[in-house]
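Please walk through this model with the sequence at hand.

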Amino acid sequence: MDFEKLSSAVGELDEDTMIEMLNEVMAQGGGDAQKAMEACQKGMDIVGNLFEEGEYFVGDLIYAGELMTEAVDILKDALASGDGGGQTKARMIICTVKDDLHDIGKNIVKAMLEANNFDVLDLGIDTPPEKVVEAVKKEGIRIVALSGVLTMALDSMKETVDLIRQECPGVKVIIGGAPVSEEACQRIGADEWAHSPQKTINTCKAWAEAG
Ligand code: B12
């Protein structure tokens, strides 16, 4: 499979080529699903750059978002392969933070957590800190995953973590999304950060097992 061609197809918003290539990945057993997803993400970077350069407009971002959602839909069964049943399901919250409407990355992480036996309460997008804290208290949840794609999402993450620390001591928080880094994690005061869904799964499993 020519993954560069796949990235270019997504970057050029060429839906037919993208779907044809992703169906081919699945027809071959889905072993390359992770690589295909990474190629689509590179395609999103191309879209983002063309948007910054003024070549693409908000309508193109919206269409790119639809393409990416379609890609996740085709690949999700192969991506979400986890260890399935077994131990009791650990409950956790996931959401996109306040003022951020991007949810494709969050939905991928959620699908992969669910495939790994987590019972995930999804609070959606543009989630105010108060809503997170209310749900944590009401549901007695010990693990929270915060997603954000905009640079300014880091401020909303900090607000959310500050309120969780104040109102719900002992709750573990992992942050993820494009602008997140070790430095951001320290500033925000989260317990862990990740870009890859796999690191999120490993971290949350360790937290759930520690009780
Ligand atoms: C599609 C898209 C949109 C769609 C989103 C649709 C949707 N349902 O999500 C729409 C049209 C709504 C949109 C709107 C806007 N967007 Co936009 N968008 C994008 C685009 C092209 C792709 C984003 C995406 O889905 N990527 C693919 C996913 C799979 O990647 P991901 O989110 O990073 O997730 C992965 C990891 O980060 C990680 N992850 C994600 N969440 C989590 C959570 C946890 C806990 C963990 C561990 C990991 C994790 O796992 C995922 C899988 O590997 C990006 C460009 C880019 N390079 O990403 C711009 C981009 C993010 N958008 C941008 C901008 C500027 C905007 C707008 C302000 C445009 C405008 N003028 O209106 C608005 C803002 C709206 C708002 N308030 O949020 C900028 C952000 C700049 C910045 N640094 O702040 C970008 C980078 C484009 C650019 N280069 O200028 N956008």
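Which side chain meets Asp 119 in a salt bridge? The partner is Arg 91, at 3.3 Å from N to O. A salt bridge here is a side-chain nitrogen of Lys or Arg within 4 Å of a carboxyl oxygen of Asp or Glu. The pair links distant parts of the chain, 28 residues apart: Asp 119 lies in strand 2 and Arg 91 in strand 1. Helices (H or I, at least four residues) and strands (E, at least two) are DSSP runs, numbered from the N terminus.

Before going further, note that the model is predicted: local features need pLDDT of at least 70, side-chain atom pairs count only at pLDDT 80 or more, and totals for chains, interfaces and linings use all residues. Residues are numbered from 1 along each chain as its sequence is written, and side-chain values use heavy atoms, with hydrogens and water left out.

How exposed are the two partners? Asp 119 is partly exposed, with a relative accessible area of 32%. Arg 91 is also partly exposed, at 34%. Buried means under 20% relative accessible area, exposed over 50%, and partly exposed in between (1.4 Å probe, protein chains only).

The structure holds ten salt bridges. One of them joins the side chains of Lys 137 and Glu 167, at 2.6 Å from N to O. Lys 137 lies in helix 6 (residues 129-139) and Glu 167 in helix 7 (residues 153-167), so this pair ties together parts that are 30 residues apart in sequence. Lys 137 is partly exposed, with a relative accessible area of 48%. Glu 167 is partly exposed too, at 36%.

Glu 192 and Lys 199 form another salt bridge through their side chains, at 3.4 Å from N to O. Glu 192 has a relative accessible area of 23% and counts as partly exposed. Lys 199 is partly exposed at 32%. Salt bridges can also share partners: Arg 91, Asp 119 and Glu 139 are joined in this way into one network. Side chains of opposite charge can pair when their charged atoms come close.

Now turn to the ligand. There are 35 residues around the ligand, and Leu 101, His 102, Asp 103, Thr 151 and Thr 200 come nearest. A residue counts as near if one of its heavy atoms lies within 4 Å of the molecule. Which protein atom is a donor to the cobalt atom of the ligand? The only protein donor is NE2 of His 102, at 2.3 Å. Donors are N, O and S atoms within 2.8 Å of the metal (3.2 Å for Na, K and Ca); water is not among the atoms, so sites may look incomplete. His 102 sits in the loop between strand 1 (90-96) and helix 5 (104-115).

A nitrogen atom of the ligand is 3.1 Å from a polar backbone atom of Gly 48. For Met 44, a ligand nitrogen and a polar backbone atom are 3.4 Å apart. An oxygen atom of the ligand is 3.2 Å from a polar backbone atom of His 195.

The loop that holds His 102 also holds Asp 99. Asp 99 has a positive phi of about 70° although it is not a glycine. Most residues other than glycine have a negative phi. Asp 99 is partly exposed, at 44% relative accessibility. Asn 117 also has a positive phi, about 80°, and is not a glycine. Asn 117 lies in the loop between helix 5 and strand 2 (118-122). Is Asn 117 buried or exposed? Asn 117 counts as buried, at 9% relative accessibility.

Helix 5 also contains Ala 111. The C-alpha atoms of Ala 111 and Pro 197 are separated by 9.5 Å, although the two residues are 86 apart along the chain. Ala 111 is partly exposed, at 24% relative accessibility.

Note on methods: Polar contact = N/O pair within 3.5 Å; in protein donor to acceptor, adjacent residues only side chain to side chain.
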